[in-house]
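Here is a short tour of one structure, written for someone who likes to know what sits where. Keep the 3D view open as you read.

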Amino acid sequence: MRGCIKTLGPGRHAIILTLGYNKGRAVQSWTTFYGTKRAAQVKRAELVTAFYNGTYAKPYKGSLGDFLTHWLKDSVKARVSPKTFERYQEIVDKQITPALGHYPLARLNAGHIQAAYSKWLEEGRLRTKGGLSAQTVVHHHRLLKKALKQAVRMGNLVRNPADAVDPPRIDHKEMHALDGRQSAGLLERLRGTDLYIPVFAALGLALRRGEVCGMKWSDLDPGRGLAVISRTLQQTRSGVSIRDAKSKSSRAAVAVSPVLAKALKCERERQERMREEIGSTWNSQGYICVRIDGLPWKPETLSAAFRARKLGLRFHDLRHSHASQLIREGVHAKVISERLRHSSMKITMDLYGHLFEGMDKAAAGLFDKSLKAKSVGGSRKRQRGRSART
């Protein structure tokens, strides 16, 4: 079986393969290919090889919307957390499928995708007027590109049309971060409330919201002054679930500052007194950050309570504050990356690289200072040598 190529128009060809015969009639597979005829011939050879190797799959005849539905169910759901899957499902159902889902998967092209991105930027919001942010559209682009990449691997597509699309450029936005004085003021303002320990933990350990809610007393090692970040609480429409840290870097043990360690010790003593007064059912699961009733905070409830204080920042900004304060104090980027539990230093530099710019100038100044010190030391030695000779 060699197959043949039929030109359908400028830059558009049909690769026709005869897969077999049914009652004397040829069973053919048609694959639309966009590009030069030479490239179509190369692709035909690849398909013929795949057929003989047993790896050939017939092109998908359904719509993009149908493919995404099956992709989410069969390839994504078992591989990601419930929260991530819920977010993927929302993007597909509310944005990608309404804009592009009606196109047959095999006929989806870069122009269709680029037009959808432009529309989202202008009028993509669902509840209010206006467009989506460039960052949000980039998230949509990454999801669509990942799905279409799977279609190519499965043989449902000849090539990924999202590869030819340029996502919008993301303008850098300054993060809202507190300095040391502002952090101390925030903690003083919240002292005596049930937000005090969650906020202190987020500031002192660079914790995400779910990590704050998921920490237990068993995660602390007071003797060595360490805390192991081993789990996170995730809240979806179906409820709250516990999820273990997904990578080795996420399960890192981080040092606890003496001031935070003292605050945690006082909180533990308070909780033990409450357990004696109310009974063993009070915070029976051993969570560090609890509400007045002893139950652990839920992520959405914690955010809502924090917003209600009208502090002018998001709960996640506490994590940014921890990082920015360490950068200002001259802590090495690798140490900061480890405390943030990033999987690589590249992530840290992508997020906070702009804050290191001032440190670069300071490093240059230190180099000059070192040269001057060497120069002065050398001149003094030479002076002593001349004096000894005379």
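## Before we start

Helices here are DSSP runs of H or I with at least four residues, and they are numbered from the N terminus. Please keep in mind that this is a predicted model.

Let's begin inside. The largest nonpolar core holds 39 residues, and V199 and L318 have the most contacts inside it. Two or more residues come from each of α6 (180–190), α7 (196–205), α8 (209–214), α9 (258–278) and α10 (299–308). The biggest share is that of α7, which gives eight residues.

If you click on L318 and leave aside its neighbours within four places in sequence, you will find it in contact with L186, V199, A202, L203, F306 and L313. There is also a second, separate core of 28 residues, with W71, L105, L108 and A147 among them.

## Aromatic pairs

Three aromatic pairs turn up in a search of the whole structure. One of them joins Y196 and F200 edge-to-face, with 5.7 Å centre to centre and 70° between the planes. These two residues both belong to helix α7 and are four residues apart, about one turn of the helix. Y196 counts as buried because its relative accessibility is 11%, under the 20% cut-off. F200, at 9% relative accessibility, counts as buried too.

F306 and F315 have ring centres 5.4 Å apart and planes at 85°, so this pair is edge-to-face. Both F306 and F315 are buried.

## Charges over rings

Two side chains place a charge over a ring. The charged end of K216 is found over the ring of Y287, 4.9 Å from its centre. R291 lies over the face of W297, and here the distance to the ring centre is 4.8 Å.

## A three-stranded sheet

Next, look for an open sheet of three strands in the order β4-β5-β8, paired antiparallel. β4 (220–221) and β8 (253–255) are at the edges with a single partner strand each, so one side of each has no neighbour in the sheet. Strand β5 (residues 226–228) and β8 run antiparallel and are joined by three bridges. Within this pairing, L226 is opposite A255 in β8.

## Helix α12 and its buried face

Which residues of helix α12 (residues 333–340) are buried? They are A333, I336, S337, R339 and L340. Seen down the axis of α12, these residues fall within an arc of 165°, so they line one face of the helix. Their cover includes α7, β8, α11 (317–328) and α13 (345–352). After α12 comes R341, which has a positive phi, near 60°.

Notes:
Residues numbered from 1 in each chain as written. Predicted model: local features only at pLDDT ≥ 70, side-chain atom pairs only at ≥ 80, totals over all residues. Heavy atoms only, no water. Core = buried A, V, L, I, M, F, W, Y, C linked by side-chain atoms within 4.5 Å. Buried < 20%, exposed > 50% of the residue type's maximum accessible area, 1.4 Å probe, protein only. Contact = heavy atoms within 4.5 Å. Pairing = 2+ DSSP bridges. Arc of directions from axis to C-beta. Phe/Tyr/Trp six-rings, centres within 6.5 Å; stacked < 30°, edge-to-face > 60°. Lys NZ or Arg CZ within 6 Å of the ring centre and 35° of its normal.
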